[in-house]
Amino acid sequence: MTTTARPHVGTALDRVEGMEKVTGRARYAYEHSPDELAYAVPVQASIARGEVRSIDVQAALTIPGVIAIIWHRNAPRLAPADNAELSVLQSARVAYRGQYIAVAVAETLQAAGEAARSLSVDYAGEPHDTELRADHPGMYRPEKVNAGYPTDSEHGDPDAAMEAAPIRVDATYSTPAEHNNPMEPHATVARWDADGLTLYDSTQGASAVRATLAALFTMPPANVRVIASHVGGGFGSKGQPLAPVVLAALAAKHVTRPVKLAVPRQQMFAVTGYRTPTIQRVRLGADVDGRLTAIVHEAIAQCSTIREFVEQTTTPTRIMYAAPNRRTTHRVVKLDVPTPSWMRAPGEAPGMFALESAMDELAIACGIDPVELRVRNEPDADPESGEPFSSRNLVACLREGARRFGWADRDPTPGARLVGRTLIGTGVAASTYPAYRSPSQASARLEPDGRYTVRIAATDIGTGARTVLTQIAADALRTSPDRVTVEIGDSALPPATLAGGSMGTASWGTAVVRACEALREQVSRSGDLPSAGLEAAADTKEEVGAQERFSRHAFGAQFAEVGVDVDTGEARVLRLLGVFAAGRIVNPKTARSQFIGGMTMGLSTALFEESLMDREFGDYLNRDLAQYHVAACADVRDIEAVWIEEDDPHLNPMGTKGIGEIGIVGTAAAIANAVHHATGIRIRDLPIRLDKLLR
Ligand code: MOS
């Protein structure tokens, strides 16, 4: 074996499954059709709180082709779940409008749909409360917030420091509920046989689905197999199993046939999670030279009555800027709403909208350039933990972005550049996202024909995971990518963490490198290749658990130029530039797509995305992409993402930080700051709709 192969990490390898995808050979969950297949159509509650007294199924059962109507009276029993959203059809209780209360199973999708629509449901309704308000009497302090972060943190005396500060910003920002809308809605094909349960599922993590479903159906995990070869986007909504996959498995068990269940786009607004709305108060105190003396960031969010889920909105504020006095808090209220879930940069995205908008307000209050203000408040170490940063290149990102964007010529006066009937402005904001890593396992095999096979239950949700793992494996094996086959997307492979938390590549890559190293070791010891080939395995549990104490985060700077139509109030993003420092970039082609994808989602958050609560019926009104607006190609004009070299030895064998989420962080603030620069109007409540700019 040679040891001099060209390093492939860092090169723009084409997606290894690209040909499969463009020729339609790549199969997604819904495209699997086992023999004897039946179709399931779920039924949603039409009250926001109360009980299902009874369901009249007679008419439905007379429809030709209908096999069963399953509801809580006849549903197979499940073991209790930590996440009550998974206890599908286990009780009469309705916790939110749109919750699954029944499922119709039939020979055809059409018959199942007709049966679902023909059910007559008798409810005992109760008054509901679905509105998040800062003064809600049910507001409470949770034990901890998502990702295990402490609920509150406090350093020094922020109140006294605010009192004493010569320059102060005190503003309340709000962000709406937002719904993930991946191109491929959630879908599952469930099949039971003598060996147990097989699921073709659209998920970000096959291993986690296996563990969860095995527990619900009281089986050993070995009796559950989850296959997710290709996934058409997730953004967090497929980060953990939710009601639909359980319903599919339950329906298949009840009818003793394979069942196909696709969540229609219309149902996604209730059953596949969403980003909580937030109300955030930010107070900044500073000296006249812009040095922060106090930072206070208090966030309010909602969750459901059946599961506590508290987004970590103010955690980025704990690490962003130096200030001797700081308080960050989270409060939550349980409402009669679906449980919020993960959505790209949960916490960081809304939290940094507030903090980075407030920093812009502070820059104006101090008369200091907003790039310079951030540079001036750069901390030496993690302000929360005191730990050194493994690497932190926010300042380099700001400086490089300012240079590329042409920031130096900027006149800070708001509302001063009218071109025709368009007001033009520019804005900047910082980005950050933690560099997490989770234990994973992998195997590497030298085949008798001299090729390599690497196996890991990773998932490629469209990011390029298969491709970058091929590059990482090729380098670790000192071979070329075309000699390596990476098998992912199947819980039968060595268990691995999910494609979430921007930690896929770091986590899986570590396991892949270790397995490949172990294989090379074996090969060098064994002399001749045995006819069966050679295989090695790795488990990174110990390595990940034992890593040195550093504060690990990616950073970035977002620059936006907007034009606001004076007559209509329409805001258009004319230019968007993101500069990121995220360790080593494994593949510039797929990385750029991740960055500009995140930035596009940030643009979408800034201008369009908004789920509206109908208080009377207690439900989100949006039902499709005509009512829930996401940025389209025409909304994205000049967008570019670049990165600066970052050599960080404290991360993982590849030297990478995650890049899946940082692109969305800070983008909305950069755009809102640019809108202020253009118009003099400060929008503190997203999205930046035209009516808000005309008032
Ligand atoms: Mo992402 S919201 O961590 O799947």
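## Helix α15 and its partner α14

Axes here are lines fitted to C-alpha atoms, for helices over the stretch in contact, and angles between them run from 0 to 180 degrees in the N-to-C sense. With that in hand, let's look at this predicted model, starting with a pair of helices. Helix α14 spans residues 588–607 and helix α15 spans residues 667–679; their axes come within 8 Å and cross at roughly 50°. That angle makes α14 oblique to α15. The crossing of α14 past α15 is right-handed.

Which residues bring α14 and α15 together? On the α14 side they are M599, G602, L603, A606 and L607, and these meet T667, A668 and I671 of α15. By type, the residues of this contact divide into six nonpolar, two polar and no charged.

As α8 passes α15, the crossing is right-handed.

From α8, the residues M352, F353, E356, S357, D360 and I364 take part, and they meet A668, A669, A672, N673 and H676 in α15. The residues of this α8–α15 contact divide into six nonpolar, three polar and two charged.

Strands of a sheet pair through backbone hydrogen bonds, either parallel or antiparallel.

In this model, three strands form an open sheet in the order β4-β2-β6, with antiparallel pairing. Which strands sit at the edges? They are β4 (93–94) and β6 (120–125), each of which pairs on one side only. Strand β2, residues 50–56, runs antiparallel to β4 and is joined to β4 by two bridges. For G50, the bridge partner in β4 is V94.

Our last stop is H254, a residue of helix α6 (residues 243–255). Is H254 buried, partly exposed or exposed? Its relative accessible area is 30%, so H254 is partly exposed.

Setting aside neighbours within four places in sequence, H254 is in contact with A68, I70, N74 and P76. Take I70 as an example of the sequence separation involved: H254 and I70 are 184 residues apart in sequence, while their C-alpha atoms are 7.9 Å apart in space.

Notes:
Residues are numbered from 1 along each chain as its sequence is written. This is a predicted model: local features need pLDDT of at least 70, side-chain atom pairs count only at pLDDT 80 or more; totals for chains, interfaces and linings use all residues. Side-chain values use heavy atoms; hydrogens and water are left out. Helices (H or I, at least four residues) and strands (E, at least two) are DSSP runs, numbered from the N terminus. Angles under 35 degrees count as roughly parallel, over 145 as roughly antiparallel, 65 to 115 as roughly perpendicular and the rest as oblique. A crossing is left-handed if the near helix is turned anticlockwise from the far one by less than a right angle, and right-handed if clockwise. Contact means heavy atoms within 4.5 Å. Ala, Val, Leu, Ile, Met, Phe, Trp, Tyr, Cys and Pro count as nonpolar, Asp, Glu, Lys and Arg as charged, and the others, Gly among them, as polar. Two strands pair if DSSP finds at least two bridges between them. Buried means under 20% relative accessible area, exposed over 50%, partly exposed in between (1.4 Å probe, protein chains only).
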